[in-house]
Amino acid sequence: MSATLTEAHPSTVTPEMEKAHRALIDESTRLPVVLFYASAVFWLLVGTVFALLASFKMNAPTLLDQWGWMTFGRVRPAHLNAVAYGWAASAGIGTGLWLMARLCRTPLRHSKLLIGAAIFWNIGLLLGTLGILSGDGRSIEWLEFPNYASFMLFVAFGLIAVWAIIMFRFREPGHVYVSQWYLLAAFLWFPWLYSTANLLLNFEPIQGGAQGAVNWWYGHNALGLWFTPLGLATAYYLIPKVLGRPIHSYYLSILGFWSLALFYSWNGMHHLIGGPFPAWLISASVVASVMMFIPVITTAINHHMTVRGNFHALKWSPTLRFTVFGAMCYTLASVQGSFMAIPSLNIITHFTHYTVGHAHLGLYAFFTMIMFGAMYYILPRVVGWEWPSARLIRWHFWLVAIGIGMMVVVLTIGGILQGLALLDPNITFMATLDYTKPWLFLRSVSGVLLTAGHIVFAVSFTLLLLKVGSLRTAPTLFGSDQGRQPEPLNV
Amino acid sequence: MNRMPVLVVGIFLTFLSSWLGLVAYPYFALARYTPVTDEETGDILPPPLSGLAERGQEVYASAGCIYCHSQQVRQVGYGSDLERGWGARPTVARDYMRENPVFLGTMRTGPDLTNIGARQPSEMWHHQHLYQPGTVSPGSIMPSYKYLYEVRKIEGQRSADAIDVLPPDTPPDGYEVVPTYEAEALVAYLLSLNRNYPLPEAPEPPQ
């Protein structure tokens with residue numbers, strides 16, 4: 001099929017042929033995409049349980065405190081690793097490899113590499129999570145997994161990177177779309193990032209004074225050069241696809257990509273402002289953080305101008321609603337991040353729950369929401385079965401949208417109050433804690449909303465995989481616009 | 001952008017720049033410290049950890065203390081660390097040369113622990129605090145670390161290392177609470193946390 005498309009004269013290629021070709025590509029990605037998506041949903045639920053526990057423990061410190069493996073200091077990193085590597089990365093890889101096949105315009109080859117990666121990935125996650133709970137955690141933020149687990153993750157990343165290079169090498173000739181720049185970059189950056197950081201911090205640890213720098217070079221780049229490019233690649237693909245119109249500006253896309261690559265990679269030291277490091281090192285990161293305005297505003301304009309005049313589509317398309325929500329939160333989280341790096345503001349927010357709110361705005365309101373949108377788009381095409389119920393999708397959206405909105409707001413307020421109190425040496429330390437307590441309670445409430453949303457999504461996801469109900473011919477959309485054709489564009 | 005070499009080289013170079021700045025530079029400039037000897041006292045600074053305290057450092061990592069406690073005293077102009085009495089001077093890279101992993105931290109749900117050994121030198125206080133934080137630190141939301149302690153029947157005489165447990169959660173009559181090796185190690189590590197010594201690059205400010 002792919003041969004006929006390439007060899008055929010462009011004028012003889014009909015939309016039907018293109019559609020059939022896309023269906024063929026989608027089918028070729030089925031097993032790896034479903035494997036990564038199913039593990040993502042599983043780890044989302046696991047990570048959510050740890051999140052709730054960690055949050056409740058801040059409201060009721062004696063909760064389950066008799067067991068070491070349930071102590072706050074282990075449940076919290078178990079949450080972070082389960083959602084970051086288990087949920088977010090698995091969802092990002094699943095989406096990324098489907099996008100890669102679509103954008104290379106060729107059926108997925110060497111799926112064994114990906115299936116192997118998925119197996120290593122899940123064994124690594126399981127060993128790592130159990131390792132943290134049993135006391136083998138390293139207490140290095142974002143790199144808590146003990147060596148026997150991080151090694152497995154690295155093997156999985158390596159296999160995926162090799163696969164990505166092979167796919168890109170054998171792509172059909174023609175334009176390389178912006179999403180693909182981000183995907184290729186993410187798949188190449190991350191193994192380098194992950195191996196360097198693990199080597200210098202966990203396998204052959206360097207002296208403590210330098211560890212902080214490497215730790216936050218890694219921590220921030222895991223967000224900036226792994227999750228962010230995966231999320232942006234997805235948004236750059238889905239928004240034009242669903243709307244059936246091309247991305248607003250090719251030149252803004254180029255500017256956005258290269259400025260992100262250059263500035264984001266230097267951001268890490270803003271987590272250590274005021275700490276025991278040379279001033280120039282921290283200043284470089286502060287400058288790079290402020291320069292992030294360039295890629296962020298560029299991307300925001302590009303996305304906004306693409307959607308402009310078509311906001312009504314958010315009413316009927318689940319994919320678009322989640323994705324545009326995520327894209328808007330990307331702008332918000334990044335602008336907030338740039339401000340947080342400015343030292344005069346950083347002295348308020350540093351060491352407070354404000355940062356936790358910011359992290360959730362980035363990894364949840366931006367990245368996770370876009371991944372939900374991607375799954376709503378991709379899974380029916382890959383499995384050949386539509387989502388069982390628009391009502392479930394609607395519940396999912398509102399529960400998580402309100403849940404994450406509330407979480408970010410309460411942590412932001414609580415964090416600012418905590419930060420201002422910490423700055424004033426006349427306020428006792430114990431009193432700074434009192435400022436946060438009511439907001440930490442509300443954070444738990446928002447966590448319950450998110451949990452409910454995740455359960456609804458998991459039910460919906462399982463029903464689709466089991467192909468429950470009758471075969472639908474039209475996509476599951478909100479409202480009465482069932483007849484819309486959601487994929488008119490050949491990007 | 002349709003050319004793979006341009007794309008791949010660009011992806012490589014942008015990342016390489018940060019790798020040089022934030023990894024290679026710290027590796028060569030901040031990971032090569034040696035201890036210094038104080039000319040007046042002859043002390044080796046920063047002082048080496050005892051074997052027990054070194055084990056305690058591992059317990060600190062394993063229990064995840066860093067998720068609420070930092071270990072860094074920032075410079076003047078960056079918060080109230082010095083005014084709060086968390087240290088006599090800001091910490092510098094050499095202070096952390098023996099730390100692995102380094103516990104700089106990013107959260108202060110609990111107070112900074114850079115110099116907790118100097119601020120709270122009582123071994124019993126630390127045991128009571130770890131066993132039931134609220135008893136010695138009212139209003140605290142720190143979890144208890146009872147899993148590091150053993151409640152056991154008193155055989156003959158009360159053990160020398162048994163802790164004086166404060167109400168409400170006192171052991172039943174005839175029982176005592178004894179720290180495990182991990183608890184002893186953790187407390188030894190906490191008591192070792194005292195970075196108020198002078199270094200050439202960070203002299204102690206006159207009191």
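Predicted model: local features only at pLDDT ≥ 70, side-chain atom pairs only at ≥ 80, totals over all residues.
Me: Where is the kink in H1(B) centred, and about how many degrees is it?

Reply: The bend at a residue is the angle between axes fitted to the seven residues ending there and the seven starting there. In H1(B) the kink is about 35 degrees and is centred on Leu20(B).

Me: Which residues of H1(B) are buried, and what do they pack against?

Reply: An α-helix has 3.6 residues a turn, so residues three or four places apart point the same way. Among the buried residues of H1(B) are Ile11(B), Thr14(B), Phe15(B), Ser18(B), Gly21(B) and Leu22(B). The buried residues of this helix pack against H7, H8, H9 and H10 of chain A.

Me: How many residues does each chain bring to the contact, and which helix of chain B gives the most?

Reply: Chain B brings 60 residues and chain A brings 69. On the side of chain B that touches chain A, H1(B) gives the most, with 14 residues, and by class that side has 33 nonpolar, 18 polar and nine charged residues.

Me: What does the radius of gyration say about chain A?

Reply: A compact globule of 491 residues would have a radius of gyration near 23 Å, and chain A agrees because its value is 22 Å. Chain A has 17 helices and zero strands, and 58% of its residues are buried.

Notes
Residues numbered from 1 in each chain as written. Chains lettered and ligands numbered in written order. Contact = placed C-beta atoms within 7 Å. Helix = DSSP H or I, 4+ residues; strand = E, 2+ residues; numbered from the N terminus. Nonpolar A, V, L, I, M, F, W, Y, C, P; charged D, E, K, R; others polar. Rg over C-alpha atoms; globule rule 2.2 N^0.38 Å. Buried ≥ 20, exposed ≤ 12 C-beta atoms within 10 Å, placed from the backbone.
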